[in-house]
Amino acid sequence: MLSIEDRLAIQSLYARYCACFDLGDVDGWVNCFTEDGVFKGATDNHGRAQLKAFIEGRIKARAENPNRNVQHWNANLIVEGGDGRAKGMCYIMLVGESVATGQTVFTVRGTYTDDLVKTDGTWRFSRRQMFKDLPPPSSIPQP
């Protein structure tokens, strides 16, 4: 079972992941993952070199994005585990402002499923996968 301290540290990891992505902190975002971490979204990215190339590409593409000030929002976090390992799941929503209209827009909604590992006293994602459609019920972490 996860301690309260571990749960708070994991919640902080989820928030840090979003803030680093949105504010362009490449190294901070990459450090949310283990050395051999995996992010599966529109592309599969394995290891810190690929993760860094992925986030740098996403940041560079912002200039051509039809929306500005896009923010990642994670919600409804469920996390279960113990002994330095955990499984997590949360909903994701991206909210931004349309360049054309100035209106607030929801650009993405989906679900993340996560494997987390505590290394050197720090929780990190070892695997993070995004689903634009809802994943199967078996994705819900169990106590």
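Student: The expected span of a helix is taken as 1.5 Å times one less than its number of residues. At 1.5 Å a residue, what should the 14 residues of α3 span?

Tutor: They should span 20 Å, and because the end C-alpha atoms of α3 are 20 Å apart, the two values agree. Helices here are DSSP runs of H or I with at least four residues, strands are runs of E with at least two, and both are numbered from the N terminus. This is a predicted model, in which local features need pLDDT of at least 70 and side-chain atom pairs count only at pLDDT 80 or more, while totals for chains, interfaces and linings use all residues. Residues are numbered from 1 along each chain as its sequence is written, and side-chain values use heavy atoms, with hydrogens and water left out.

Student: Which residues of α3 are buried?

Tutor: Gly47, Arg48, Leu51, Phe54 and Ile55 are buried in α3. Buried means under 20% relative accessible area, exposed means over 50%, and partly exposed lies in between, with a 1.4 Å probe and protein chains only.

Student: Where do the buried residues fall, seen down the axis of α3?

Tutor: They fall within an arc of 125°, so they line one face of the helix. The arc is that of the directions from the helix axis to the C-beta atoms. On the face turned away from the buried side, α3 carries the exposed residues Ala49 and Lys60. The cover over the buried residues includes α1, α2 (26-30), β1, β2 and β6.

Student: Let us turn to the sheet. In what order do the six strands stand?

Tutor: The order is β2-β1-β6-β5-β4-β3, in an open sheet with mixed pairing. Its edge strands are β2 (44-46) and β3, each of which pairs on one side only. Direction ignored, neighbouring strands of this sheet are turned by 20° against each other on average. Two strands count as paired if DSSP finds at least two bridges between them.

Student: How many bridges join β1 to β6?

Tutor: Four bridges join these two strands, which run parallel; Phe33 stands opposite Phe125 in β6. On its other pairing, β1 (residues 33-40) meets β2 in the antiparallel sense over three bridges, with Lys40 having Asp44 as its bridge partner in β2.

Student: And β5 with β6: over how many bridges do they pair?

Tutor: They pair over nine bridges in the antiparallel sense. Phe125 in β6 is the bridge partner of Leu116. Two residues lie between the strands of this hairpin, where Asp120 takes a positive phi near 50°.

Student: Which residue takes a positive phi in the hairpin of β3 and β4?

Tutor: That residue is Asp83, with phi near 55°, in a hairpin that has two residues between its strands. β3 (residues 67-82) and β4 (residues 85-98) pair in the antiparallel sense over twelve bridges, and Glu80 stands opposite Lys87 in β4. Lys87 also stands opposite Asp115 in β5. β4 and β5 (residues 104-119) run antiparallel and are joined by 13 bridges. Their hairpin has five residues between the strands, and Gly102 takes a positive phi near 80° there.

Student: Which strands does helix α1 lie across?

Tutor: Helix α1 (residues 4-23) lies across β1, β3, β4, β5 and β6, running at about 160° to β3. Helix α3 (residues 47-60) also packs on the sheet, touching β1, β2 and β6, and its direction makes about 50° with that of β1. Contact means heavy atoms within 4.5 Å. Axes are lines fitted to C-alpha atoms, for helices over the stretch in contact, and angles run from 0 to 180 degrees between N-to-C directions.

Student: Which residues of α1 are buried?

Tutor: The buried residues are Asp6, Ile10, Leu13, Tyr14, Tyr17, Cys18, Cys20, Phe21 and Asp22. Gly24 follows α1 and has a positive phi, near 80°.

Student: One more topic: is Arg128 buried or exposed?

Tutor: Arg128 is buried, because its relative accessible area is 0%. Arg128 is found in strand β6 (residues 122-131), and seven of the ten residues of β6 are buried, so this strand is largely enclosed by the rest of the structure.

Student: With which side chain does the side chain of Arg128 make a polar contact?

Tutor: The partner is the side chain of Asp114, at 2.6 Å. A polar contact is a pair of N or O atoms within 3.5 Å; within protein, one must be able to donate a hydrogen and the other to accept it, and residues adjacent in sequence count only if both atoms are side-chain atoms. Leaving aside neighbours within four places in sequence, the residues in contact with Arg128 include Tyr14, Tyr17, Phe33 and Lys40.
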